[in-house]
Amino acid sequence: MPLSRRSFLGRSAAGLSAVAAGSVLAGCSSGATTEGTVVSKPVDGKLNVTWWSHNNPSFVTANTTMIRRFEAENPGIHIVYQYFPYDVLARKLQAAYRARNVADIQQMFGTWVTEYAVNQLLDEVPSELSGSEPTSRFWPAAVGAYTHKGKLYGVPHEYNLENGGILYNPKLAEQAGIKEPPSTWADLVEAGERLTKIDSKGRADQVGYAFTGNDSITFTFLSMILQLGGDFWDSDGVHVDFHSPQARKAWVDETELVTRHKVDNTTWYTGDPYTMFFRGRAAMAHQGPWVVASGRADFPKFTDLAYVAEPPYAGDTLKFAAESGWGEVVNARADPKVREAAWKFVGFMARPDNARIWNLTSATVPALKELQNDSQMLAKAPYLKVPFGVLPNGRWVGRVHDRDQFWTFVHDAFVSVELHRQDPVAAIADAEKQINLMIDEKIGP
Amino acid sequence: MAATTTTPTPAAGPSPAPTPTANRLPGRRRQLAFVYGWLAPILALFAVFSLVPIIIAIWLSLHRYNQLAPVSPFIGLRNFTYAFTDDPAFLNSLAVTGKYAVVAVPLNIVLSLAVALALNHITRLRALFRTVFFLPAIASAVAASLVWVPIYDPQAGWLNAVLNLLGLSGRSWLGDPGTALWSVMLTSVWQDLGFNVIVFLAGLQAIPLDFYDVAKVDGAGVVSRFRHVTLPLLQRTFVFVFCLTTIGYLQEFTRVQVMTAGGPLRSSETVVLHIYQRAFGDFQLGYATAMSLILMLIILVIALVQMRILRSRWEY
């Protein structure tokens with residue numbers, strides 16, 4: 001099963017929650033407890049504001065750091081913090097909003113936010129926080145899913161890009177006589193071919209360019225369309241259009257990476273491309289910048305790592321689409337005084353000095369434009385230089401309605417071509433039809 | 001009849017004081033009151049945990065239910081028609097589930113009967129062997145699946161390693177649409193075998209030895225005794241095993257979810273997995289409930305047909 005960053009969050013959280021609990025206890029001074037996932041309880045005499053998040057350890061550490069700093073500045077307000085496994089949070093939010101017993105603030109994945117905003121369940125962000133335009137403070141890709149009809153319904157923390165960088169193993173490249181990381185698409189394909197090693201039985205001893213994860217296939221495809229000057233949305237802005245000449249060319253070229261150039265294959269390994277890279281079994285891997293910190297944590301002995309810029313497929317800039325990542329929303333039905341305090345906390349987190357800490361601790365790319373090329377961040381996380389270079393070229397992917405189905409349809413079309421079950425044009429037409437049917441069903445009559 | 005009974009007519013004037021005997025309910029009514037009184041708690045539990053959910057499920061299946069939306073419009077049978085007309089993944093999942101059950105049920109029954117027959121004939125270490133075969137059955141399906149996933153790994157799995165030693169080429173067992181379902185099926189049969197072995201063993205040991213002795217006296221060989229004594233006298237056990245195994249495989253979920261998540265290309269996506277993904281991945285609860293009801297009807301019909309065909313008309 002290919003692993004997306006979102007599912008990675010859930011899986012890693014399960015294993016490391018104990019570590020998180022320790023750091024939480026250290027970080028949360030008032031009323032901290034190990035009971036379940038509750039890390040602080042209401043405090044009498046203070047204005048208690050409840051906050052839910054998912055349980056990725058680095059996110060929990062970043063969140064509790066924010067609580068500690070905020071409560072030091074605002075002694076009258078207490079943040080009652082609870083966290084849940086990723087999947088549980090996704091379902092709990094749905095059920096809790098239905099039952100009207102949801103927390104005052106929730107850390108939501110951006111792609112989820114639109115549905116809640118459309119159903120008028122979220123409080124509108126105060127103007128002093130949103131700025132004159134949402135995109136005046138935050139990157140358009142980061143804030144896209146938080147907006148509905150021109151209004152902002154949450155504050156994003158991170159720019160959740162999957163494009164822009166490639167994990168690169170300089171040692172394996174040198175052994176193959178490759179001196180420099182690829183700077184053009186042709187270089188990338190050629191390096192991928194040279195770095196792929198297949199044994200006599202047709203199995204891959206080494207993958208040249210691992211990119212067949214669920215996320216990478218779709219994000220690469222969308223990025224290639226944009227770089228060719230096309231668009232993946234139909235003129236109605238609601239349905240997808242994979243019939244354009246740009247979409248067809250992008251799709252054929254992407255699928256040829258496995259059918260013709262054979263730089264990777266979905267049947268060569270189980271698991272995700274980045275794991276293959278950190279096991280030394282892939283020379284290059286397409287993955288977002290989040291993977292650098294995660295890979296270093298999971299494979300501390302692996303050192304042959306460089307994070308290099310993804311070369312453009314067409315033109316000279318890497319245009320790409322990105323989902324909106326994690327951020328804060330406030331329950332529209334919360335008590336007005338609590339809502340005011342909640343926005344105060346969210347605004348506190350969005351202050352550049354705090355956002356810097358939060359992004360560094362959670363190993364994420366800032367959603368705040370102000371922190372692009374931030375010297376303090378680069379000093380502590382030099383790999384951020386690559387994503388910082390492409391942030392202005394990204395756009396919000398758009399309202400995909402059902403994210404998992406959308407990505408699965410594209411992924412399945414890719415596998416279908418790889419296994420020669422369908423020709424590329426028929427496969428992508430099929431994916432387009434399925435995605436549009438899904439969107440129609442979601443919209444309803 | 002009532003007109004001819006000799007029920008005493010009430011006399012004029014004050015009624016006589018009721019005697020303890022007059023207070024007693026007639027025998028049948030008393031029995032019924034006793035039965036219903038004892039059944040009341042379980043009936044209440046059934047109502048709360050089975051009947052009410054079924055009614056809610058039927059209500060859900062007739063609505064476009066979005067937990068976040070303030071209203072859930074009534075759409076009649078649209079969810080049911082959508083499953084058969086606009087959701088090829090549902091039809092695919094029905095086919096996958098059908099294939100799964102048609103292959104795995106007979107395979108499981110044949111293998112478990114064979115193992116049970118072997119165990120029935122050995123006297124030494126029978127308990128040990130019985131335990132060995134039963135052990136996988138007590139493991140959770142998730143744990144069993146997690147044991148098998150690395151075995152199937154195309155790079156480091158020992159299945160491919162063994163094949164390579166034999167000069168055969170391995171493959172991506174879970175990553176290839178042609179083998180993914182079979183690989184999960186093999187895990188299922190391996191894990192479920194133990195339970196049916198125990199049931200068959202109990203059935204075999206319940207057959208009186210006199211039947212075999214008589215058959216031997218009549219000159220029946222091993223095959224003949226199996227065909228004319230063992231198989232007929234195991235019929236009730238067969239019905240039990242066949243129905244339970246079929247229902248279990250028609251509801252296969254955990255192992256496919258853990259091992260393949262229904263992929264690749266939905267080649268191992270069973271109905272229950274599809275329902276789960278629609279319900280808790282896409283939050284289409286109304287539609288998922290409609291599919292659940294369809295599956296329930298299918299299982300009901302199959303179970304009734306099985307019980308009708310395999311029913312036994314004798315006792316021993």
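Because the model is predicted, local features are taken only at pLDDT of at least 70 and side-chain atom pairs only at pLDDT 80 or more, whereas totals for chains, interfaces and linings use all residues. Residues are numbered from 1 along each chain as its sequence is written, chains are lettered from A in the order in which they are written, and side-chain values use heavy atoms, with hydrogens and water left out.

Let me begin with the interface. Contact, meaning heavy atoms within 4.5 Å, joins 32 residues of chain B to 33 residues of chain A. The two chains bury about 3,100 Å² between them, 49% of it on carbon and sulfur atoms; buried area here is the accessible area, with a 1.4 Å probe, that two parts lose on being put together, summed over both. Of what chain B buries against chain A, 25% is supplied by Leu68(B), Gln155(B) and Leu265(B), more than by any other three residues.

Now to the interior. A nonpolar core is a set of buried Ala, Val, Leu, Ile, Met, Phe, Trp, Tyr and Cys residues joined through side-chain atoms within 4.5 Å, where buried means under 20% relative accessible area, exposed over 50% and partly exposed in between, with a 1.4 Å probe and protein chains only. The largest such core has 94 residues, and Trp112(A) and Leu167(A) touch the most other members. Its largest share, 8 residues, comes from helix H14 (residues 336–349) of chain A; helices (H or I, at least four residues) and strands (E, at least two) are DSSP runs, numbered from the N terminus. Apart from this core lies another, of 54 residues, including Tyr65(B) and Phe238(B).

Which residues of helix H3 (residues 78–85) of chain B are buried? They are Asn79(B), Tyr82(B) and Ala83(B), and they lie on the same side of H3(B) because they cover an arc of only 100° around the axis, taken from the directions from the helix axis to the C-beta atoms. Their cover includes helix H19 (424–443) of chain A and, among others, helix H2 (27–61) of chain B.

In chain A, an open sheet of 3 strands runs in the order S7-S13-S15, with mixed pairing, two strands being paired if DSSP finds at least two bridges between them. Strands S7 (159–160) and S15 (394–396) of chain A stand at the edges with a single partner each, so one side of each has no neighbour in the sheet.

Finally, Pro245(A) is found in helix H11 (residues 245–259) of chain A, and Pro245(A) counts as exposed because its relative accessibility is 63%.
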